[in-house]
Amino acid sequence: AAAAADNTDAPEQIHLAQGNVDGTAMVVSWITRTSTRSLVAFDTEPASTTPKTVEGPAGQRYSFVSTHAVTEVYTSGFIHHVNLTDLQHSTRYFYRCGDGTAVSLSDEFDFVTPPAVGPSAPFVFAIVGDMGQSNHSRDVVRHISRDNSTQMLLLLGDLSYADVAAKPAPKRPCSPARWDSWGQLLQPLAAHTPVMVLGGNHDIEQEGPPPATQAAYLALQRRFAMPSQASGAS
């Protein structure tokens with residue numbers, strides 16, 4: 001990656017997701033502490049001086065209230081999603097995300113788009129379930145990152161285990177801040193390799209009556225931009 005700018009609100013928890021069903025779009029997602037514009041500059045050449053720039057919707061926050069043993073109120077950072085479209089198949093792109101200024105600008109990362117859909121198109125993906133955020137989780141991230149043949153990561157639920165934070169049972173309130181530490185753990189891989197996610201029982205998070213948050217899968221829905229509409233899902 002290129003050298004990081006001397007910034008105060010650089011994008012973090014950067015991750016990619018395939019943006020449509022035929023592999024010609026890629027969503028870049030990240031989080032900032034303050035409200036900034038959602039810009040991605042990208043090109044097929046590294047450190048380009050004339051990149052294409054795409055602006056997405058302004059970043060959005062969400063709040064979560066847990067009332068298991070004590071009331072815990074969490075508010076996320078500003079979550080940004082920008083969909084890069086009309087990409088070429090089997091092509092390496094270099095990108096930076098942020099608001100285009102030195103105070104909110106990422107390092108330069110790269111990704112490779114998948115091959116065109118076809119009966120003999122080669123495609124290698126890694127499958128991980130119950131990832132969590134332990135030393136073993138870090139080993140998994142390092143192992144997949146070192147395998148240059150991996151083109152996509154499929155996460156089959158139970159991602160951050162925010163619902164069973166490291167607190168003595170039975171007093172285990174959902175601690176949504178664990179999504180942030182998990183996002184940081186995943187970034188070395190996810191900033192280069194698209195990550196497609198499914199929700200598991202540990203991602204539901206909703207617990208107890210109001211004022212506890214009643215929306216199931218809230219963090220998963222807000223933090224990840226899956227191509228559900230593009231795939232025809234309802």
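**Entry 1: the pocket**

I started with the largest pocket and found that β10 gives the largest share of its lining, 3 residues. This is a predicted model, so I noted that local features need pLDDT of at least 70, side-chain atom pairs count only at pLDDT 80 or more, and totals for chains, interfaces and linings use all residues. Residues are numbered from 1 along each chain as its sequence is written, and side-chain values use heavy atoms, with hydrogens and water left out.

A reminder to myself: on a 1 Å grid over the protein atoms alone, a pocket is an open set of points where a 1.4 Å probe fits, with protein on both sides within 12 Å along at least five of seven lines, and lining residues have an atom within 4 Å of a point.

I counted 21 lining residues, with V112, N148, T150, H192 and T193 nearest the centre. Two or more lining residues come from each of β10 (109-112), α1 (135-146) and α2. Helices (H or I, at least four residues) and strands (E, at least two) are DSSP runs, numbered from the N terminus.

**Entry 2: the sheet**

Next I looked up an open sheet of 3 strands, ordered β11-β12-β13 with parallel pairing; strands pair if DSSP finds at least two bridges between them.

I then followed β12 (residues 152-156), which pairs with β13 over 4 bridges in the parallel sense. Here L153 stands opposite V195 in β13.
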